[in-house]
Amino acid sequence: MLISNFTRSGTQMKTFEELLCSPSLVGGLQQESLSFAALNILLAITAFVGNSLILIALHKDSSLHPPSKLLYRCLATTDLLVGLVSQPLAASSWIFIAHEHWIPCRCAIAATYIISYALGGVSLLTMAAISVDRLLALLLGLKYRQIVTLKRTYIIVVTFWVLSNVAALCYTLDYRIFIWYGITVIPLCHVISIVSYTKIFCALGHHHTRIQDHVQQQPSQSNAVNTTQYKKAVFNALWVQLALVVCYLPYDLVEIVIRQSKTYSSHLVIMWGAASILAFFNSTLNPFLYCWKISEVRRAVKQTIRQAFSFP
């Protein structure tokens with residue numbers, strides 16, 4: 001493998017994305033580029049098929065609270081669009097790099113960044129909203145269904161899409177807004193999720209302690225069932241949250257290194273490509289998590305597959 005270094009110098013500072021489509025940085029990475037393209041195509045197919053099944057299953061399922069189901073449908077939609085749009089664009093950019101077609105490469109890289117940034121922003125905001133939704137279900141009690149309504153959740157989801165798309169378009173209009181939005185929103189979403197789940201587990205711990213202190217007062221069966229169902233819903237959401245963090249964290253770290261670096265090398269390009277693949281893999285992983293952790297979704301997916309293939 002050819003190892004090349006490129007130093008940002010002169011009055012015109014070129015970004016890493018611009019240098020990705022230049023022979024000085026990626027001229028010797030034909031084999032690696034084709035491998036990244038193949039992986040993107042494979043994951044694009046699995047993400048599209050998996051999340052299509054999940055959306056059908058969520059449409060059939062009536063056990064989930066409608067606002068909660070809307071948030072999961074929003075998350076599955078972003079994952080489906082990653083497989084349908086972002087990953088084919090990423091694969092095409094790697095193919096252009098391998099064949100040294102620099103002009104279409106720049107267009108594909110820019111489109112990949114804009115669309116992936118918008119979809120990633122919606123995913124992060126939705127995951128934070130799911131954690132807050134679970135916290136409100138615990139704190140509000142019987143008032144939860146009156147306050148967390150489907151109409152209000154639709155307004156929140158539309159706001160997420162508008163905000164993320166406007167920020168993504170700043171990639172071409174004002175790159176500084178594009179960067180600062182990511183620097184602000186990504187940590188904020190993680191902080192909201194951490195605080196929400198911490199409060200949830202603290203409250204559940206206090207609830208368990210009260211039950212132990214008043215063991216002579218046997219809790220009703222309905223309350224026990226409700227607590228069990230709530231814990232199950234919390235852990236389901238937490239698994240999806242942890243999967244997102246694990247898949248996106250390497251990419252975020254590589255991006256930080258890129259922003260702080262003054263010299264780029266082909267090793268950094270390979271690290272960025274591998275981290276991008278892992279981030280995209282989250283869209284393929286989520287449908288498996290839904291089927292594994294949510295029994296109602298798993299049954300609906302099995303039913304859909306049986307109907308599609310006419311299994312008895």
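Axes are lines fitted to C-alpha atoms, for helices over the stretch in contact, and angles run from 0 to 180 degrees between N-to-C directions. On that basis, helix H5 (residues 102-140) and H7 pack with their axes 8 Å apart, at an angle of about 150 degrees. The model is predicted. Its chain holds 11 helices and two strands, and 44% of the 312 residues are buried.

**Overall fold**
- Read from the N terminus, the elements follow the order β-α-α-α-α-α-α-α-α-α-β-α-α.
- Of the contacts between residues at least 6 apart in sequence, 82% link residues at least 24 apart.

**Confidence**
- The average pLDDT of the chain is 84, and 89% of the residues reach at least 70.
- Helix H4 has the highest confidence, with a mean of 94, while strand E1 (residues 5-7) has the lowest, with a mean of 46.
- Residues 1-13 have a pLDDT below 50, yet in the model this stretch makes 32 contacts beyond near neighbours in sequence.
- Where pLDDT is low, the predicted coordinates should not be read in detail.

**H5 against H7**
- Angles over 145 degrees count as roughly antiparallel, and H5 and H7 are therefore roughly antiparallel to each other.
- H5 and H7 form a right-handed crossing.
- On the H5 side, the residues in contact include Ala110, Tyr113, Ile114, Tyr117 and Leu125.
- On the H7 side, they include Phe160, Trp161, Ser164, Asn165 and Tyr171.
- The contact of H5 with H7 comprises 15 nonpolar and five polar residues, with no charged ones.

**H4 against H7**
- The axes of H4 (residues 66-98) and H7 (residues 150-173) come within 9 Å and cross at roughly 25 degrees.
- That angle makes H4 roughly parallel to H7.
- The crossing of H4 with H7 is right-handed.
- H4 contributes Pro66, Pro67, Leu70, Leu71, Cys74, Thr77, Thr78 and Leu81, which meet Leu150, Thr153, Tyr154, Val157 and Trp161 of H7.
- By class, the contact of H4 with H7 has 10 nonpolar residues, three polar and no charged.

**Ser33**
- Ser33 lies in helix H3 (residues 30-60).
- Buried means under 20% relative accessible area; Ser33, at 1% relative accessibility, therefore counts as buried.
- Apart from neighbours within four places in sequence, Ser33 is in contact with Trp94, Ile97 and Ala98.

Note on methods: Residues are numbered from 1 along each chain as its sequence is written. This is a predicted model: local features need pLDDT of at least 70, side-chain atom pairs count only at pLDDT 80 or more; totals for chains, interfaces and linings use all residues. Side-chain values use heavy atoms; hydrogens and water are left out. Helices (H or I, at least four residues) and strands (E, at least two) are DSSP runs, numbered from the N terminus. Angles under 35 degrees count as roughly parallel, over 145 as roughly antiparallel, 65 to 115 as roughly perpendicular and the rest as oblique. A crossing is left-handed if the near helix is turned anticlockwise from the far one by less than a right angle, and right-handed if clockwise. Contact means heavy atoms within 4.5 Å. Ala, Val, Leu, Ile, Met, Phe, Trp, Tyr, Cys and Pro count as nonpolar, Asp, Glu, Lys and Arg as charged, and the others, Gly among them, as polar. pLDDT is the predictor's confidence in each residue, from 0 to 100. Buried means under 20% relative accessible area, exposed over 50%, partly exposed in between (1.4 Å probe, protein chains only).
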